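Hello,

Here is the structure you asked about. Please open it alongside this note; the findings follow below.

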Amino acid sequence: MTKKTVTAQYPDVQPELPPRSRGVIGLFEENCTVCMLCARECPDWCIYIDSHKETVPAAAPGGRERSRNVLDRFAIDFSLCMYCGICIEVCPFDALFWSPEFEYAETDILELTHERDKLREWMWTVPEPPALDPAAEEPKEIAAARKTADKLEAARQAEQAEQAAQAEQAEQAEQAAPAEQPQQPPKSQQPQQPQQPQQPEQNRPEGDA
């Protein structure tokens with residue numbers, strides 16, 4: 001009662017929505033493994049998933065072939081969805097996200113079933129996650145990845161140091177090799193071999209002039 005009434009000039013002026021608004025659900029298809037967990041946990045049964053299996057050849061010779069699920073259809077019926085967010089919370093691979101977009105009304109209720117192509121388009125409107133609290137503990141996933149990266153970097157540096165030490169030892173060995181060879185005395189100190197007497201030349205008969 002103490003504030004002045006302000007009329008929102010929608011749709012000419014878009015409203016400022018909170019960062020965690022529940023507008024529509026976006027699908028990041030590359031992360032989906034067709035585990036069906038979101039469809040099983042949905043209380044409204046508004047998620048429809050179809051898939052098929054493909055055989056993946058062995059990665060190494062002598063290995064065995066593996067099968068993986070390939071997503072064929074992922075659709076959400078927003079005429080049934082109650083925006084509880086359970087599907088996003090239970091997804092173990094971060095394939096579903098909230099988007100603040102809300103302008104998707106339709107004149108036909110059948111058009112409120114959005115297929116995976118439409119859900120993929122909503123991913124472009126998903127805002128970036130908020131920054132972590134500076135005093136918050138580092139996530140376990142990031143800590144484990146950082147620890148692995150540090151180990152790999154330490155192993156790489158140790159290998160480079162070992163290669164440099166081996167190269168230095170080889171260079172020192174090459175430099176020390178000529179010094180170990182016996183030095184020949186100068187020519188003035190070398191024993192002179194006795195000269196063999198020269199044989200007189202035989203008289204050759206003079207040829208006819």
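Helices here are DSSP runs of H or I with at least four residues, strands are runs of E with at least two, and both are numbered from the N terminus. Read that way, the chain runs β-α-β-β-α-β-β-α-α along its sequence. That makes four helices and five strands. Please keep in mind that this is a predicted model.

**Overall**

The chain has 209 residues, and 17% of them count as buried. It exposes about 18,100 Å². Carbon and sulfur atoms supply 51% of that area. Now the contacts between residues at least 6 apart in sequence: 72% of these join residues at least 24 apart.

Strand β1 covers residues 24-27. Val 24 and Gly 26 point one way from this strand. Ile 25 and Leu 27 point the other way.

The partner of β1 is β4: four bridges join the two, and they run antiparallel.

**The three-stranded sheet**

There is also an open sheet of three strands, in the order β2-β3-β5, with antiparallel pairing. Its edge strands are β2 (47-56) and β5 (113-114), and each pairs on one side only. Strand β3 spans residues 66-77, and two bridges join it to β5. These two strands run antiparallel.

**The largest pocket**

How much space lies in the largest pocket? About 710 Å³. It is lined by 19 residues, and the closest to its centre are Ile 88, Phe 97, Trp 98, Pro 129 and Pro 130. Two elements give two or more residues to the lining: α2 (86-90) and β4 (96-99). The largest share comes from β4, with three residues. By class, the lining has twelve nonpolar, two polar and five charged residues.

Best wishes

Notes:
Residues are numbered from 1 along each chain as its sequence is written. This is a predicted model: local features need pLDDT of at least 70, side-chain atom pairs count only at pLDDT 80 or more; totals for chains, interfaces and linings use all residues. Side-chain values use heavy atoms; hydrogens and water are left out. Buried means under 20% relative accessible area, exposed over 50%, partly exposed in between (1.4 Å probe, protein chains only). Contact means heavy atoms within 4.5 Å. Accessible areas come from the Shrake-Rupley method with a 1.4 Å probe; for residues, only the protein chains shown count as cover. On a 1 Å grid over the protein atoms alone, a cavity is a set of points where a 1.4 Å probe fits but cannot get out, and a pocket is an open set with protein on both sides within 12 Å along at least five of seven lines; lining residues have an atom within 4 Å of a point. Grid points are joined across faces, edges and corners, and a volume is the space filled by probe spheres set on the points. Ala, Val, Leu, Ile, Met, Phe, Trp, Tyr, Cys and Pro count as nonpolar, Asp, Glu, Lys and Arg as charged, and the others, Gly among them, as polar. Two strands pair if DSSP finds at least two bridges between them.
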